Structures are given as structure tokens and as C-alpha cells.
Amino acid sequence: MAPEESAEAAPLLRSFERRFLAARALRSFPWQSLEEKLRDSSGSGLLLDILQKTVKHPLCVKHPPSVKYAWSFLSELIRKHEAIHTEPLDELYEALAEILMAEEPTRCHRSYLLPSGDSVTLSESTAIISHGTTGLVTWNAALYLAEWAMENPAGFAHRTVLELGSGAGLTGLAICKMCRPRAYVFSDCHSHVLEQLQGNVLLNGLSLEPNVTALAQHPGHDTADAESPRVTVAQVDWDVVTAPQLAAFQPDIVIAADVLYCPETVLSLVGVLQKLSACQKDQRAPDAYVAFTIRNPETCQLFTRELGRAGIPWEEVPRHDQKLFPYEEHSEMAILKLML
């Protein structure tokens with residue numbers, strides 16, 4: 001590919017790379033832009049570059065996505081090539097043959113590229129993954145909150161962060177790698193989620209403290225002189241956890257993303273936020289931020305209404321426009337800052 005063609009194709013390659021590594025739905029890829037560039041070029045350089053940025057990407061080779069997903073992607077890429085060029089591209093068919101010979105593993109991965117050049121990789125069971133044409137389960141608000149945190153690293157640097165409902169751990173892993181917190185507490189209530197969380201923390205090169213007691217033994221730990229924060233994974237059931245148990249985490253900042261699913265979870269979340277308001281550290285309660293995708297406006301209104309009833313003031317954080325991660329289409333998100 002000529003240098004000028006390579007420069008023009010860079011945004012397209014970047015889009016394919018980010019979406020494939022994150023195993024986004026195939027319909028979200030810029031196929032139309034690809035077709036236009038293929039018509040304008042007689043060479044195969046662009047398709048070979050896309051192959052290297054996706055299926056042959058070092059991250060993908062080390063931490064592969066679902067076999068079904070890779071097969072669906074390559075099949076679509078071959079269809080786009082054949083629709084415009086009659087000459088077959090051997091490298092595409094060889095890659096497809098390798099995929100067809102592979103067995104579907106019990107676990108597969110998705111990866112998110114960070115501005116530093118590092119990445120966050122998540123492992124999950126293939127049993128919960130849908131076919132490549134519909135993509136994988138997404139956490140748009142978790143991506144949005146991670147982006148906001150990376151744009152505001154000073155709010156997390158040298159502080160202890162407690163995350164409620166961590167899920168697979170995407171937001172926390174990005175913050176640990178980019179924002180230099182002193183300590184980070186991932187939490188959830190389901191045992192299988194906690195097990196997956198622990199695996200993802202280790203997969204991303206972080207060490208785990210055995211429990212919150214070990215985490216608190218070094219309150220002066222400063223990441224200015226350390227490579228990574230002190231990290232623990234804790235089981236926190238919002239309905240039964242007590243204020244003293246929450247205070248043991250010594251949080252400076254509390255975050256949560258994509259946790260407003262239904263009225264029941266909203267009430268439980270507000271309840272645990274009330275308990276956290278009693279967690280005084282240095283004569284002040286922790287800062288709190290809740291990010292959510294606006295799926296059902298009524299659920300969001302219930303959340304703000306219950307915050308008012310609980311006496312918790314809130315304000316909406318200004319929207320940020322920089323999208324470091326690939327999103328699903330038509331997602332409206334928001335972050336609320338809570339004054340506990």
C-alpha cells in the first residue's frame with residue numbers, strides 16, 4: 001500500500017482493530033467504508049493490513065476471541081473481497097482454514113486498547129457468548145466511566161477506590177492501569193462473578209491481596225513509588241452489608257457502572273450508598289460516581305427520586321466526547337456525582 005493510501009486507511013484500520021479485539025457486533029464495523037476503499041484500490045494491501053490488525057493481532061493470538069466470532073468476521077471479510085475482486089486472496093482463506101480447524105475453547109477473550117499502548121483483556125465463558133453477528137454482551141456505561149476516569153486521573157491518583165458491582169472488571173482494570181490509585185477494591189455479590197473477577201485481575205498482570213484486612217495493613221502505600229495499586233476482590237451484598245464492613249475498605253472514592261437494571265437494584269443501591277455516607281475518612285465521606293446507560297428513563301428517574309428521599313444530593317457530570325473504546329450504536333449514557 002502506498003504511503004498516502006496507508007495514511008488514509010489508518011482510521012479505518014484502527015476502527016477494525018478496536019472493534020474486533022473487543023468482539024463487537026459485526027454490523028458495527030465500517031464495512032461500507034471498506035468497500036469504497038477496495039473499489040478505489042486494485043491491490044490487496046488493505047485487506048492484509050486488516051488481517052494483521054484483527055485475527056493475526058498479537059493480542060488476539062495470545063488471548064483469542066470465540067472461534068465462532070472469528071469465523072463470522074473472516075467470512076464477512078472474504079465476502080467483501082470477492083464482491084469487488086475476482087482474484088482470491090490466499091492469506092484470507094488460509095486464516096479461515098486455521099479457524100475452521102480450531103476447537104471452541106471453554107473460555108474466550110475481548111481486549112480494549114488503552115492510550116498508553118497497554119490493554120485490558122477480559123476472559124469469559126463461551127457459554128454466554130452469542131453468535132458473531134450479534135456480538136457479545138457489552139458494558140457501555142463501564143466503558144464510558146473508564147474513559148471519564150482516564151480523562152480525570154487526578155481524581156483517582158493515590159486514593160482508595162471501591163467499585164460496586166464490578167462485573168467482569170473492565171472499569172477497574174482500566175483505572176488501575178491508567179490512573180495510579182493507591183488501592184482498588186473490586187466487589188460483587190455472586191460467587192461466579194467474583195471468581196471471574198479474580199481471574200481477570202491476574203490476567204492483566206495485577207497482584208491480589210487476600211482480603212480487605214491485608215489491603216488496610218499498608219494505609220500509607222503510595223503508587224508514586226509502586227508499579228501497581230494494591231488490589232482486592234470482595235463479596236459485597238448490598239442488602240446485607242453493614243456500614244462498619246464498608247468502612248473497613250477505607251474508600252476515598254466509590255464508583256459503579258451499569259447497575260441500574262430494575263427498581264429492586266435501584267433501591268438496594270441507594271441503601272448501600274446511605275451506609276457509605278457514614279464511612280467517614282479524614283472527617284469526610286467518600287466521593288461517589290454512578291454511570292449508567294439510559295435504557296429506561298423511568299428507572300433513572302426512580303434512582304434520582306430515591307436519592308432525594310435518602311438526602312443524597314447529586315449533579316450530572318458534564319459529558320465527554322472522546323471515545324477511546326468502541327460502543328454499540330445508539331447508546332445514551334450519563335454519570336452522576338453524588339455528595340454522600
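Ground rules. The model is predicted, so local features need pLDDT of at least 70 and side-chain atom pairs count only at pLDDT 80 or more, while totals for chains, interfaces and linings use all residues. Residues are numbered from 1 along each chain as its sequence is written, and side-chain values use heavy atoms, with hydrogens and water left out. Helices (H or I, at least four residues) and strands (E, at least two) are DSSP runs, numbered from the N terminus.

Start with the sheet. It is open and has 7 strands, in the order E5-E4-E3-E6-E7-E9-E8. The pairing is mixed; two strands pair if DSSP finds at least two bridges between them. Which strands sit at the edges? E5 (230-235) and E8 (314-316), and each pairs on one side only. Neighbouring strands are turned by 20 degrees against each other on average, direction ignored. Angles run from 0 to 180 degrees between N-to-C directions, with axes fitted to C-alpha atoms, for helices over the stretch in contact.

E3 (residues 160-164) and E6 (residues 253-257) run parallel, joined by 4 bridges. Valine 161 has isoleucine 253 in E6 as its bridge partner.

H13 (residues 297-309) lies across E7, E8 and E9, at about 5 degrees to E9.

Next, a helix pair. H2 (residues 31-40) packs with H3 (residues 45-53) at about 140 degrees, axes 9 Å apart. H2 and H3 are therefore oblique to each other; angles under 35 degrees count as roughly parallel, over 145 as roughly antiparallel, 65 to 115 as roughly perpendicular and the rest as oblique. Who touches whom? Leu34, Lys37 and Leu38 in H2 meet Leu46, Leu47 and Ile50 in H3, where contact means heavy atoms within 4.5 Å. By class, that is 5 nonpolar, no polar and 1 charged. Ala, Val, Leu, Ile, Met, Phe, Trp, Tyr, Cys and Pro count as nonpolar, Asp, Glu, Lys and Arg as charged, and the others, Gly among them, as polar.

On a 1 Å grid over the protein atoms alone, a cavity is a set of points where a 1.4 Å probe fits but cannot get out; a pocket is an open set with protein on both sides within 12 Å along at least five of seven lines; lining residues have an atom within 4 Å of a point. Points are joined across faces, edges and corners, and volume is the space filled by probe spheres set on them.

How large is the largest pocket? About 790 Å³. It has 33 lining residues, and Gly167, Asp188, His190, Val193 and Tyr261 are the closest to its centre. H9 (191-203) gives the most, 4 residues. The lining has 13 nonpolar, 11 polar and 9 charged residues.

The second largest pocket has about 240 Å³. Of its 14 lining residues, Val55, Cys60, Pro64, Pro65 and Ile99 lie nearest the centre. The classes here are 10 nonpolar, 1 polar and 3 charged.

E1 (107-113) gives the most, with 3 residues.
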